[in-house]
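Biologist: Could you bring up the model for me, and could we then talk through how its pieces pack together?

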There are 2 protein chains.
Amino acid sequence: MAQKPSIPKGTRDFNPEQVAKRNYIFNTIKSQFKTFGFQPIETPSFENSDTLMGKYGEEGDRLIFKILNSGDYLSKVNDEEYAGKDSNKITAKISEKALRYDLTVPFARYVVQHQNDIDFPFKRYQMQPVWRADRPQKGRFREFYQCDADVVGSDSLWQEVEFIQLYDNVFTALGLKGTTIKINNRKILSGIAEVIGASDKLIDFTVALDKLDKIGEEKVKEEMLGKGISQSGIDKLQPLFSLTGDFNSQIESLKDILSTSEEGKKGIEELDFINKAISELDLKTANLQLDVTLARGLNYYTGAIFEVSAPQGVKMGSIGGGGRYADLTGVFGLKNVSGVGISFGLDRIYLVLEELGLFPETIAKSTEVLFINFGDAEALFSLKAIKYLRETGINAELYPDKITNGKHMKKQMNYANKRNIPFVVLVGEEEMNKNSYTLKNMKSGEQNKVELKELISLLKN
Amino acid sequence: MAQKPSIPKGTRDFNPEQVAKRNYIFNTIKSQFKTFGFQPIETPSFENSDTLMGKYGEEGDRLIFKILNSGDYLSKVNDEEYAGKDSNKITAKISEKALRYDLTVPFARYVVQHQNDIDFPFKRYQMQPVWRADRPQKGRFREFYQCDADVVGSDSLWQEVEFIQLYDNVFTALGLKGTTIKINNRKILSGIAEVIGASDKLIDFTVALDKLDKIGEEKVKEEMLGKGISQSGIDKLQPLFSLTGDFNSQIESLKDILSTSEEGKKGIEELDFINKAISELDLKTANLQLDVTLARGLNYYTGAIFEVSAPQGVKMGSIGGGGRYADLTGVFGLKNVSGVGISFGLDRIYLVLEELGLFPETIAKSTEVLFINFGDAEALFSLKAIKYLRETGINAELYPDKITNGKHMKKQMNYANKRNIPFVVLVGEEEMNKNSYTLKNMKSGEQNKVELKELISLLKN
């Protein structure tokens with residue numbers, strides 16, 4: 001009857017060390033979110049299907065995990081519909097709930113539902129798992145955490161400035177120096193499309209431009225031609241491909257290129273504002289870079305677009321991203337609420353910290369001292385000491401099984417070694433008589449007979 | 001097109017204050033788990049259906065949330081099966097994954113799957129949500145957190161002793177004094193059933209006995225009679241109904257009642273060992289009480305059974321429970337691994353702390369100071385100060401939108417008031433010229449013009 005145990009593909013178990021490392025990242029991010037004034041909310045793991053469906057495009061709808069209704073769910077499908085045996089049509093009849101696909105749509109739903117209890121501008125953060133029925137592959141999972149911070153209810157550009165500072169603070173706190181925060185603006189992309197006469201092909205245009213890094217200039221131009229963008233339009237793009245220099249000089253070039261587009265000029269103005277503020281405020285370890293090819297799920301964003309890449313030399317996709325969306329909550333009936341937010345890619349940050357050896361050593365530390373169990377009387381004597389140790393915040397354990405006939409002593413020592421417990425305490429008859437404890441340093445092998453007070457102070461250091 | 005937003009019944013949104021209060025409970029429990037040497041693990045939100053199905057009885061199977069397969073899932077149902085339109089039969093064909101129903105079965109699966117990487121005895125804790133398609137009612141939700149600590153790989157009774165200390169420590173740390181930790185032993189229940197000649201009716205017998213508190217002695221006897229337990233057997237129960245006195249004197253009475261049952265005597269011995277150890281070690285604020293009527297999902301437990309009730313005067317079901325199960329992992333192919341564990345009922349603990357006013361006031365604190373935004377130059381000046389404040393760990397915000405034509409000042413002050421932000425800083429032209437900040441205490445109305453250094457030290461206190 002025994003089953004060979006396994007877990008669904010694309011999901012993961014996390015062992016104690018992995019949980020500790022993940023929590024280190026979560027806690028670092030959370031602590032920065034708090035100093036910036038963000039407040040936590042949590043939403044249910046599953047939402048009503050109509051809250052989620054239709055919000056992520058056709059592919060998104062496909063990738064949403066649907067939950068089967070309870071009870072005799074087929075009885076709600078009429079015979080005619082049932083006879084069709086059409087999975088797509090029947091899904092809506094037998095499933096009313098679906099697992100969260102991201103944190104943005106549930107957040108929008110939350111804001112609208114609780115609008116009367118919220119003081120705007122509302123700065124919220126949220127760190128919860130999301131689920132996607134994507135094909136699992138290296139670094140892509142079906143269950144993964146998102147860590148988002150957003151502000152809704154203000155279109156002030158100071159928020160973009162603060163989000164750049166927030167990225168800088170978090171990555172600096174994680175010891176990850178030299179990240180690049182790339183920024184663009186949807187209005188720049190619209191402006192370019194306008195200038196080259198391809199406003200109606202904005203998405204095709206940006207999808208192609210987004211690939212510049214990967215496939216190079218020629219292929220990008222080919223793709224644009226293929227999508228029906230004119231040769232003369234593409235010629236006008238030439239200066240874009242050769243944009244060089246620092247943020248300011250790129251801004252100057254863009255002013256030339258976009259001189260005829262009102263929207264483009266607005267985008268330049270916004271970028272310029274943000275860049276000037278950041279120059280005055282200084283970043284700690286990150287670099288701010290203008291990247292006119294940056295698009296990311298363009299449909300979302302209406303203003304700033306962000307993406308963070310790991311320090312040079314680390315091969316890894318973006319470790320964060322975000323941007324501004326002018327109408328986050330409209331689909332749920334609350335119009336004209338502007339939002340801007342950023343997200344941290346936990347799994348990728350984890351891999352980068354691992355690769356660069358940036359996790360602090362103390363993370364692995366759990367139990368500090370193990371009391372060897374020589375018998376019931378000794379165990380009780382030990383537990384009295386352990387009680388005090390724990391009260392002072394020392395993580396202490398008694399080995400549960402006693403040594404019988406002198407056996408199992410090695411087993412207990414091995415347990416301490418394997419678990420990386422740095423100290424063991426030995427309590428035998430002699431120690432009990434003298435009300436003392438023999439403390440053994442597992443690394444050096446050194447042993448000391450000490451009283452409780454000394455034991456505590458030695459373990460505290 | 002706008003939808004009126006809502007969430008599925010039995011689920012909850014948590015606002016910032018609620019998240020902070022829940023985290024306070026989680027962190028208190030977690031911190032005690034750690035001092036006792038427990039290590040965290042996490043398992044996926046959904047498991048393969050065959051990992052979960054059949055583990056919780058028939059009702060459990062019904063209450064497990066099933067996830068619909070992706071793609072054209074109906075194509076895998078053959079026409080003959082399909083024609084039956086039988087929800088029960090078709091479920092297994094169209095759903096291969098299910099949401100976690102508790103943390104115990106996934107833990108057992110984890111232990112078996114990773115047995116070669118685990119150092120036994122394995123002390124693990126786990127705090128994750130679980131899902132049940134139960135009828136929602138007051139205090140019962142379809143998504144809720146479980147907080148479990150278990151040890152597997154040892155049958156030492158010292159673990160029971162330590163779990164009682166752990167309960168005592170957690171509830172004391174939460175300020176919840178005077179909880180009652182009730183303890184029983186499956187072997188006592190088996191012994192009683194044996195003595196009254198109802199060994200074959202152990203479950204009926206304990207289900208009835210479990211109701212003693214609620215329905216009283218007479219009704220319990222009626223129910224037992226109805227289930228086919230003999231009148232002479234029930235007569236033998238009489239001493240049980242009048243068990244009084246402290247732990248020790250109850251133990252003495254049980255010795256008489258169970259003198260003919262080997263299993264019963266073993267149970268008494270175990271309870272006596274635990275009670276004697278706890279008497280020596282002293283509990284801080286909890287009381288340990290023997291309760292021979294305590295059964296809880298009896299099928300699980302093979303030794304100790306625990307349940308914690310809130311301090312007298314608080315109407316609330318149990319706020320924690322647990323026990324020993326001799327064969328946790330057998331169903332997944334690893335035999336003879338004994339486990340013992342306890343669980344904390346987060347939602348009920350939350351309600352009790354709320355009722356008794358035991359949440360610390362500082363929990364609600366989020367942002368400590370808001371900088372009023374008088375304009376772009378002032379905002380930039382403010383952000384330079386905010387940067388330093390945040391570096392010293394002070395949660396600080398700039399109001400994102402600037403005051404235009406003298407308007408909106410009140411709006412910004414209102415925002416600080418509503419959010420309970422205790423201080424605001426005003427920076428105008430005068431302050432910028434003098435490199436100073438006007439700090440206003442929102443409670444007293446007091447205003448001081450200070451330099452950055454003083455600002456930081458005032459906010460630090």
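Modeller: Gladly, and one term first: a crossing is left-handed if the near helix is turned anticlockwise from the far one by less than a right angle, and right-handed if clockwise. This is a predicted model, where local features need pLDDT of at least 70, side-chain atom pairs count only at pLDDT 80 or more, and totals for chains, interfaces and linings use all residues. Residues are numbered from 1 along each chain as its sequence is written, chains are lettered from A and ligands numbered from 1 in the order in which they are written, and side-chain values use heavy atoms, leaving out hydrogens and water.

Biologist: What distance separates the centres of domain 1 and domain 2 of chain A?

Modeller: Chain A is divided into domain 1 (16–64 + 101–356) and domain 2 (369–460), with bounds that come from an automatic or database domain assignment. Taken over C-alpha atoms, the separation of the two centres is 53 Å.

Biologist: Let's look at helix packing. How is H16(A) oriented to H19(A)?

Modeller: Helices (H or I, at least four residues) and strands (E, at least two) are DSSP runs, numbered from the N terminus. Axes are lines fitted to C-alpha atoms, for helices over the stretch in contact, with angles from 0 to 180 degrees between N-to-C directions. In chain A, helix H16 (residues 376–391) and helix H19 (residues 452–460) pack at an angle of about 45°, their axes 11 Å apart. Angles under 35 degrees count as roughly parallel, over 145 as roughly antiparallel, 65 to 115 as roughly perpendicular and the rest as oblique, so the word for H16(A) relative to H19(A) is oblique.

Biologist: Which residues of H19(A) make the contact with H16(A)?

Modeller: H16(A) passes H19(A) in a right-handed crossing. Contact means heavy atoms within 4.5 Å. On the H16(A) side sit A:Ala385, A:Tyr388 and A:Leu389, and on the H19(A) side A:Leu452, A:Leu455, A:Ile456 and A:Leu459.

Biologist: And in chain B, how many residues of the contact of H15(B) with H18(B) are nonpolar?

Modeller: Helix H15 (residues 376–391) of chain B packs on H18(B) at about 45° with the axes 11 Å apart. B:Ala385, B:Tyr388 and B:Leu389 in H15(B) meet B:Leu452, B:Leu455, B:Ile456 and B:Leu459 in H18(B). Ala, Val, Leu, Ile, Met, Phe, Trp, Tyr, Cys and Pro count as nonpolar, Asp, Glu, Lys and Arg as charged, and the others, Gly among them, as polar. With no polar and no charged residues, the nonpolar count is 7.

Biologist: How many charged residues does the contact of H16(A) with H7(B) have?

Modeller: H16(A) passes H7(B) in a right-handed crossing. A:Asp376, A:Ala379, A:Leu380, A:Leu383, A:Lys387 and A:Arg390 in H16(A) meet B:Trp158, B:Val161, B:Glu162 and B:Gln165 in H7(B). By class there are 5 nonpolar and 1 polar, and the charged residues number 4.

Biologist: What is the bridge partner of B:Leu439 in E16(B)?

Modeller: Strand E15 (residues 437–441) of chain B runs antiparallel to E16(B), and 4 bridges join them. The partner of B:Leu439 in E16(B) is B:Asn448.

Biologist: Which residue in E11(B) stands opposite B:Tyr325?

Modeller: This belongs to an open sheet of 8 strands in chain B, in the order E1-E5-E6-E11-E10-E9-E7-E8. Strand E10 (residues 320–325) and strand E11 (residues 339–344) of chain B pair in the antiparallel sense over 6 bridges. Opposite B:Tyr325 stands B:Gly339.

Biologist: One backbone check: what is omega for the cis peptide bond that joins A:Phe120 and A:Pro121?

Modeller: A:Pro121 has its place in the loop between helix H6 (104–113) and strand E5 (122–131) of chain A. For the cis bond between A:Phe120 and A:Pro121, omega is about -5°.

Note on methods. Two strands pair if DSSP finds at least two bridges between them.
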